[in-house]
Amino acid sequence: METKKITGTFLDEITWDIPSQNWSREDWRREFDTMKEAGIDTVIIIRMGLREQAIYPSEVLGIKSGPDLGQLFLDEAERCGMKLFFGTYVNKTSVDFWNEWEEDWEINKRVLPEIMERYGEHPAFRGWYVSSETCIASVGAIEMYTRMSHLMKELAPEKPVLISPYFPSWAYREANKPERHRRFMEDWRTILSSAGKYIDICAFQDGSCTFEMNKSETFELEDYLKEAHELSREFNLTNWTNIESFGRRYHIRFPPIDWRILKRKMEMATPYSEKLITFEFSHFMSPHSMYPSARKLYERYRENILEKKDY
Amino acid sequence: METKKITGTFLDEITWDIPSQNWSREDWRREFDTMKEAGIDTVIIIRMGLREQAIYPSEVLGIKSGPDLGQLFLDEAERCGMKLFFGTYVNKTSVDFWNEWEEDWEINKRVLPEIMERYGEHPAFRGWYVSSETCIASVGAIEMYTRMSHLMKELAPEKPVLISPYFPSWAYREANKPERHRRFMEDWRTILSSAGKYIDICAFQDGSCTFEMNKSETFELEDYLKEAHELSREFNLTNWTNIESFGRRYHIRFPPIDWRILKRKMEMATPYSEKLITFEFSHFMSPHSMYPSARKLYERYRENILEKKDY
Amino acid sequence: METKKITGTFLDEITWDIPSQNWSREDWRREFDTMKEAGIDTVIIIRMGLREQAIYPSEVLGIKSGPDLGQLFLDEAERCGMKLFFGTYVNKTSVDFWNEWEEDWEINKRVLPEIMERYGEHPAFRGWYVSSETCIASVGAIEMYTRMSHLMKELAPEKPVLISPYFPSWAYREANKPERHRRFMEDWRTILSSAGKYIDICAFQDGSCTFEMNKSETFELEDYLKEAHELSREFNLTNWTNIESFGRRYHIRFPPIDWRILKRKMEMATPYSEKLITFEFSHFMSPHSMYPSARKLYERYRENILEKKDY
C-alpha cells in the first residue's frame, strides 16, 4: 500500500518524561544531517522550557546560563532546508484537569515576545507550536489554546500555528462506543469554535487509539483519523497526523515502536492526512539514539519506506 | 557445581510486554548462527499472533501483508539443526482470571489448521507450544490447555505438545507456606488430569519463585522445581525448566538478569530437569540484543558455562 | 560558576533496583582506569550483600561460590590511588518503616568481623559505609545507625564511618513548608544525637528535593543543602553531598541524568559540601555503561567540568 513518508518531527530537547540524550552541538549537527537524509523537512521544538529548564538562557524564566539551542536548531534547520516551529513554556504538559493554566499563560505572555525578539527574524523560524497538550474541552484547554494562538498571531501574523492534541482514552472510558465518538467531536467543536480561528494546522497524536482486532468496545484508529480529518476541514485547518514512533504497550515507557505497527499506522493515516510528523525522530527512529533498537527501526524505515524494499 | 546448559529458547517476535527489536531477516539469520554457537538446539515461537499482529500474513486473522517469519524461523531452524515448536494465537497472554478464553479458542480452531497447511510438512516443525499461559486451575486454563492440546494431537499426532506455566505467587499470597504447596499441587493435578494426556512436555517458568535468604514465608525455588518434577512424573510428562534470563526485581521491566543469579538457577534446576530452556535468548542473552548488558551476560555465560572458566 | 568536581562514587555491584551490568574482572579494571581519569579518588561499595547475593563468597551468609569482588575492588582502588569505603549487608535497603531491622543487625554483627578478617589489613580499605538507608527518626533508623557505626568503630577505630541519608519527600508530604523544615531538622537531630558520635562523614542524597520554579510548596534543594551542612557542623561531621547522576522524573527508572541538571546541582552543592560523590559512576556516567546516554553524559562532564569548555 502506498504511504506518505514522515516528513516532520518534534525535537524533544527539554524532555518531560523521556530521558535526556545529553547530546553535544556536534551530535545535533550530525542528527540534522540524518534527519535531512530521512526526508524530514519540518522540525518542531516541543517546548522552549519546562520549569527550571529552557533551551536558551531565558531572562523571563530567570535562567542565566546554558547553551542556546534555539539558535542551534534554527541555524541547523536553515542549513538543512527545514522549517522550524517554535514551542512554548509549560509547567505541566497537559492542561486538561489542571487549574494552574493561568500561571503558564502569565509566563508565556512574556516568553513569546522573548522568542520573537531573539529569533523572530531568523529565516528558519516558520511557525509556532502550542506546547500545552490537551484532549478535552476543559476551561484550561479552551483558554490556553485560544490565548496562546491569538498572541502568536498578534506577534507574527505570517507564522502558522500548530497544535497536536491527543485522544482521551481515559476521559471517555465509561462511555459506550457511539457516545465516545459523539463526545470526541463535541469536545473538539467546542475547543476549535473558540481557538480555531487562530490555529492553522492540527496534528492529532495517533497513539492513544487502538487498532486491535477485538474492536467492539474500542475507539478505532481509522475512525479517529477520519474524524480528526473532518474536524480540520470543518474549521478550515490543515490536517496533519502525529504518528508516534514509540511503543505504548510495554512496561518500559517508552521504547522505539515495532516497525510493522509504525508502517500500518502510516498507511492508515495516509489518505486522511496532508503530512505525517512524528514524536519523535531522535529518541525513537534515529541511528544515533540512546535506544539501540531505534537504529534497527531506522534501518527498517529506510528499507521499507525510503527504498521501498520488501521486508 | 555441574550444570546443564541452556539448549532451548523462545522466539519472542510478536512481543507482548517486551519491546520489539525491529530485526531484519539478516539480523535473524545472524542470530540463529549465534544461538547455534551457544548450543541452542530447540526454538519455540512464543505466539504466532497477538491481536492485530502475526508472524505470517494470516488469512484467518485477516492480516494481508507483512513478512513470513514462520517460514524464516523454520528454514533457519533447519539450517542450524534445530527443532522448532510452533506457538498459537492469543488475545491476552494469561487465561487465569479471564472469561474470554472462548474467543481465543474459536480463533485458534482455525489458526492451528492454517499453521498445519502452511508449515506442516516442514522438517524443522517438530512440536506445538500452547501460548496461553496459566498458573491455576481456572476454567479457562483447564479448557484451553485441554482443547488446544487435543486439537494439536488431532492435527499432528507425532508432534509433541509443550506448555510453560508459571508459579502464581499472587494467587496464593494470603495462604501460609504448606497451604501454598498443597494448593499448587492440587491446581496442577486438576489441570493435568484433564489436559495431561495430550501434553508431552512441561517447562515450568522459574521466575516467580524466590530463592532468597529469609525464606520462612516464601515458596522456595528448589521446592518448586522438585514439585514440578513430581507433577511431570505423575502425569508421564517430560520435565523441562524455563530458566528466565531477565531480571524481575528492577524498576525497568525487564533487563537481562544478573549472570550470577542465572547460574545459580541453572545449578538448582539441573537435577530436576531434562532440559533447560529460556525466555529468551535474543532480548536478554544475545550479543545482538537491544540491551547492551545482554552482550555482557552472553560473555559471562560463554566463559562460565560454555568454556567453564572461573569468573 | 565555579564547581567542585565529583571525586567519589558508589560501586553498585550487588544491585537493588538497578539492573546488573554483568561485568567481568577486565571490565572492572577498565572502569577503574576511567574513574581515575575522571578524577575519582574515593569508591564506596554500596552493600557487601543483599539477601542471597554477596560480593565475595561469604561464610556468614552461606554463599559458597562466586567471585571475590571485595578483593578486586580493593586491589583496583589501591592500584588507582583511591580510598575504599566498605558497605554492609542489607535485606531491605531502607530501615524507615521496617520492623525487621534486628534481623539485619544480627547478620551484620557477624558480617562486619568477616569483612575485617578478610580485608582489614588491605591498604585501600579506608572506611565503612552503613548501607541501610534512612530518612526519618524511626526506631530502626536510630538503632541501626547507632549499632552499626558503634561496631565499626570497635572493629577499626581508625576507619571513618560514612552515611548517605535521603530526604523524605513522602514522609512530610502533608506538612506545610516551614513544618517540613522543622521536622527534617528534628528527625536528624534525634538520629545524630544517638549515632553521631560514631559517624564521621554525612553525604545527604540530593535527589528527592526539587529545584523547580514554582517553589511555594516544595522543599528546595538549596535550603536542604544548607540544612544538611548545618546538621553536619552541629554534630561535628564532615559534610559531603551525594549528587545523584540518574534522572528521577522519567517513566524509565532510572536513566542517566540530563547533564545540565547535574551541573546545576553540582554548582548548588559546591559552597556547602567538602566533597561531591555520586550514585553512581558506572551505570550513569561511565563510557562503559549499559546505558548509551551515560557515554554522552560523560562526554558532557569531561568537556564542561574537567576541561571547562563551554557547551
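Me: A polar contact is a pair of N or O atoms within 3.5 Å; within protein, one must be able to donate a hydrogen and the other to accept it. How many residue pairs in polar contact does the rule find across the interface of chain B and chain C?

Reply: This is a predicted model. Across the interface of chain B and chain C, ten residue pairs are in polar contact, with both partners at pLDDT 80 or more. Two elements of chain B each give two or more residues to the side that touches chain C: α7 (259–269) and α9 (292–306). The largest share comes from α9(B), with six residues. By class, that side of chain B has eleven nonpolar, three polar and eight charged residues.

Me: What makes Arg260(B) and Glu13(C) a salt bridge?

Reply: The cut-off is 4 Å between a side-chain nitrogen of Lys or Arg and a carboxyl oxygen of Asp or Glu. In Arg260(B) and Glu13(C), the closest N and O atoms are 3.0 Å apart. The pair therefore falls within 4 Å and counts. Between chain B and chain C there are four salt bridges.

Me: How many residues of chain B and of chain C are in contact, and what area is buried between them?

Reply: Contact brings together 22 residues of chain B and 32 residues of chain C. The buried area is about 2500 Å², and carbon and sulfur atoms give 50% of that area.

Me: What makes Glu52(A) and Arg249(C) a salt bridge, and why does the pair join two chains?

Reply: Their closest N and O atoms are 3.8 Å apart. The limit is 4 Å, so the pair qualifies. Glu52(A) lies in the loop between β3 and β4 of chain A, and Arg249(C) lies in the loop between β10 (238–244) and α7 (259–269) of chain C, so the pair joins two chains. Between chain A and chain C the count is four salt bridges. Over all chains it comes to 93.

Me: Why are β4 and β6 of chain A said to stand at the edges?

Reply: Three strands of chain A form an open sheet in the order β4-β3-β6, with mixed pairing. Both β4 (53–54) and β6 (89–90) have a single partner strand, so one side of each is left without a neighbour in the sheet.

Me: What makes β3 and β4 of chain A a pair of strands?

Reply: Pairing needs at least two bridges. Strand β3 (residues 49–50) of chain A and β4(A) have two bridges, in the antiparallel sense. They therefore meet the rule. Within this pair, Gly49(A) stands opposite Ala54(A).

Technical notes: Residues are numbered from 1 along each chain as its sequence is written. Chains are lettered from A and ligands numbered from 1 in the order in which they are written. This is a predicted model: local features need pLDDT of at least 70, side-chain atom pairs count only at pLDDT 80 or more; totals for chains, interfaces and linings use all residues. Side-chain values use heavy atoms; hydrogens and water are left out. Helices (H or I, at least four residues) and strands (E, at least two) are DSSP runs, numbered from the N terminus. Contact means heavy atoms within 4.5 Å. Buried area is the accessible area (1.4 Å probe) that two parts lose on being put together, summed over both. A polar contact is a pair of N or O atoms within 3.5 Å; within protein, one must be able to donate a hydrogen and the other to accept it, and residues adjacent in sequence count only if both atoms are side-chain atoms. Ala, Val, Leu, Ile, Met, Phe, Trp, Tyr, Cys and Pro count as nonpolar, Asp, Glu, Lys and Arg as charged, and the others, Gly among them, as polar.
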